Amino acid sequence: MELDRNQHSVYLLNYHLVMVVKYRRKVINDEISEYLKHRFVVVGQSYGINLQEWSHDIDHVHVLFRATPHTEMAKFLNAYKSSSSRMVKKLFPEIKRQLWKSAFWTQSYCLISTGGAPLEVVKKYIESQERK
């Protein structure tokens, strides 16, 4: 396992993100997915986000990414969702037939931190550090 570093810390912050298309419309094909992935990388650069894995279905995407301790996750997700929503509708006008309002994504999302060890292992390790 390779840890990330900055001047004062060592960290490993992995996240699994699921974002769903508004009304679960079935509009994501391979071309649109590639564009959404590209936007994720571009917007993520300003927030210390490093894309690890991207996958899509016709109505949602799954993203595995790494972040820094300073990443403002809510700001990043808002910036990505608004930017990608605006641009994907501009570049793929056929989407407007199914999503006529401004939003491409639902407001909600699922964001899960993913660690290298199961929680029970971490709990036992922390308990074992207690001085007797």
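The following legends describe views of a predicted model of a protein chain.

**View 1. Secondary structure of the protein chain.** The chain contains three helices and six strands. Read from the N terminus, these elements follow the order β-β-β-α-β-β-α-β-α.

**View 2. Overall dimensions of the chain.** The C-alpha trace spans about 65 × 30 × 20 Å along its principal axes. The radius of gyration of the protein chain is 18 Å, whereas a compact globule of 132 residues would have a value near 14 Å. Among contacts between residues at least 6 apart in sequence, 69% join residues at least 24 apart.

**View 3. The largest nonpolar core.** This core comprises 28 residues. The members that touch the most other members are Leu36, Phe40, Val63, Phe65, Tyr80 and Phe104. At least two core residues come from each of strand S3 (13-21), helix H1 (30-45), strand S4 (50-56), strand S5 (60-67) and helix H2 (73-91). In soluble globular proteins, nonpolar side chains tend to be buried together. In the protein chain, buried residues account for 34% of the 132 residues.

**View 4. The surroundings of Leu36.** Leaving aside residues up to four places away in sequence, Leu36 touches Ile28, Trp54, Tyr80, Ser84, Val88, Phe104 and Trp105. Of these neighbours, Tyr80 and Phe104 are listed with Leu36 among the core residues that touch the most other members.

**View 5. Surface and charged side chains.** The protein chain exposes about 8,900 Å², of which carbon and sulfur atoms supply 52%. There are 20 positive and 13 negative side chains. The centres of these two sets lie 9 Å apart.

Notes:
Residues are numbered from 1 along each chain as its sequence is written. This is a predicted model: local features need pLDDT of at least 70, side-chain atom pairs count only at pLDDT 80 or more; totals for chains, interfaces and linings use all residues. Side-chain values use heavy atoms; hydrogens and water are left out. Helices (H or I, at least four residues) and strands (E, at least two) are DSSP runs, numbered from the N terminus. The radius of gyration is taken over C-alpha atoms; the globule rule is 2.2 Å times the number of residues to the power 0.38. Buried means under 20% relative accessible area, exposed over 50%, partly exposed in between (1.4 Å probe, protein chains only). Contact means heavy atoms within 4.5 Å. Accessible areas come from the Shrake-Rupley method with a 1.4 Å probe; for residues, only the protein chains shown count as cover. Lys and Arg count as positive and Asp and Glu as negative; His and the chain ends are not counted. The place of a charge is taken as NZ of Lys, CZ of Arg, CG of Asp or CD of Glu. A nonpolar core is a set of buried Ala, Val, Leu, Ile, Met, Phe, Trp, Tyr and Cys residues joined through side-chain atoms within 4.5 Å.
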